[in-house]
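Subject: Structure for you to look at

Hello,

Here is the structure I said I would pass on. My notes on what turned up in it follow below.

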Amino acid sequence: MLKESHFDPPWWLKNRHLQTFWAPLAPKLPLPKLTRQRLELSDGDFIDMDWVNPERDAPTVVLLHGLEGDIDSPYLRRMLFQIQQRRWRGVLVYWRGCSEEMNRLDKTYHSGRSEDLDEVIDEIHKSQSPEKLFVAGYSLGANVLLKWLGENEESARIDAGCAVSTPFNLSICADSIDQGFSKIYKFYLLNSMKKRIVNKFTPERLLELLNMSPRDVMAINSFREFDNRVTSFLNEFEDAEDYYRTASSIYYLGSIKKPALVIHAADDPFMSPEIIPRDDQLPDNLELLISEHGGHVGFVSAPTSKGVSFYLEQTILNYFDRFL
């Protein structure tokens, strides 16, 4: 159901690009002590996870990062800081190849790899037996979370989820980020993705798998081209449109049975407002907060002594509080 958002930034922080840029440029919060765990996946690959307060018997929050995210992503550091302050237990899940070590298989992480989240949730239940388990996903991670919730319906083994700045329709988003000032984000993210592929494979293996040289990969100029020539081939999709159709969370929202909160800004520069779900596409247990401002994983209320406010983190954790 569509609910009113109470996010209202100061007048000088209403610009969507300021909202998006502000947090990454602010001073970083200190990281709590983290404990690394490696999860061996059923297909022979692995995922790394960093735990905060792993020894505590407390509500547990799983964090799913966005495209090319890692421990240095400001939204993750802020959330880990808040989890530690609450003395809860938290775990940051690194998608395949996003920790310090490249993953073993030719497969890559992508917006629809919900089977990896399934194995993460199973492992947490087996090893930690949490009384309450929550998941917060950001951008790509938000899409994976909502897709996973829709696929698993009542059998999704979490108490509640929260999705922030979700690219509900990947096809539309691939085109939206290639327009106007948003190209700045495209160049940054796409360059990082291309370098990851060039570093992962030898030139001989690239030629064998994709019929491309490192120079060919680095010459790719759009997300759609990258997904058509790289993502789809490495992950058994027919082409980019097949990937977008299969992975986009918009097609799974109606099947979500567990409680979930979706936080989204209408001015998100990574995507156009047309991707925002209509109220008739939402089940009653899915709450959609749409704010006029907020940018992409921004939602900065005002500066504080720590650099940014905790609106986003407090909204997520207060939502999870409902289920304690």
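Helix α9 gives the most to the lining of the largest cavity, contributing six residues. Please keep in mind that this is a predicted model.

The cavities

Two cavities of 30 Å³ or more are present in the structure. The largest holds about 490 Å³ of space. It is lined by 34 residues, and those closest to its centre are Leu67, Ser111, Leu140, Met193 and Phe223. Besides α9, the elements that give two or more residues to this lining are α5 (170-176), α6 (183-200) and α10 (240-247). Sorted by class, the lining of the largest cavity consists of 20 nonpolar, eight polar and six charged residues.

A residue in α9

Helix α9 covers residues 223-234, and Thr231 is part of it. Is Thr231 buried or exposed? Its relative accessibility is 5%, so Thr231 counts as buried, the cut-off being under 20%. Setting aside neighbours within four places in sequence, Thr231 has contacts with His110, Phe226, Phe237 and Tyr243.

Aromatic pairs

The count of aromatic pairs in the model is 15. In one of them, Tyr75 and Tyr138, the ring centres are 4.7 Å apart and the planes stand at 35 degrees, so the pair is tilted. Tyr75 belongs to helix α2 (residues 74-85) and Tyr138 to strand β6 (residues 133-138), so this pair ties together parts 63 residues apart in sequence. Tyr75 counts as buried because its relative accessibility is 11%, and Tyr138 does so at 0%.

Strand β6 also holds Phe134, which pairs with Phe320 in helix α11 (residues 311-321); the pair therefore ties together parts that are 186 residues apart in sequence. Why is the pair of Phe134 and Phe320 called stacked? Their ring centres are 4.5 Å apart and their planes are at 5 degrees, and planes under 30 degrees apart count as stacked. Both Phe134 and Phe320 are buried. These two residues also belong to a cluster linked by ring pairs, together with Trp88, Tyr319 and Phe323.

Charges over rings

Trp88 comes up again here: Arg86 lies over its face, at 5.1 Å from the ring centre. Elsewhere, the charged end of Arg38 sits over the ring of Phe46, 3.8 Å from the centre of that ring.

Regards

Key:
Residues are numbered from 1 along each chain as its sequence is written. This is a predicted model: local features need pLDDT of at least 70, side-chain atom pairs count only at pLDDT 80 or more; totals for chains, interfaces and linings use all residues. Side-chain values use heavy atoms; hydrogens and water are left out. Helices (H or I, at least four residues) and strands (E, at least two) are DSSP runs, numbered from the N terminus. Buried means under 20% relative accessible area, exposed over 50%, partly exposed in between (1.4 Å probe, protein chains only). Contact means heavy atoms within 4.5 Å. On a 1 Å grid over the protein atoms alone, a cavity is a set of points where a 1.4 Å probe fits but cannot get out, and a pocket is an open set with protein on both sides within 12 Å along at least five of seven lines; lining residues have an atom within 4 Å of a point. Grid points are joined across faces, edges and corners, and a volume is the space filled by probe spheres set on the points. Ala, Val, Leu, Ile, Met, Phe, Trp, Tyr, Cys and Pro count as nonpolar, Asp, Glu, Lys and Arg as charged, and the others, Gly among them, as polar. Rings of Phe, Tyr and Trp (its six-membered ring) pair if their centres lie within 6.5 Å; planes under 30 degrees apart count as stacked, over 60 as edge-to-face and the rest as tilted. A charge sits over a ring if NZ of Lys or CZ of Arg is within 6 Å of the ring centre and within 35 degrees of the ring normal.
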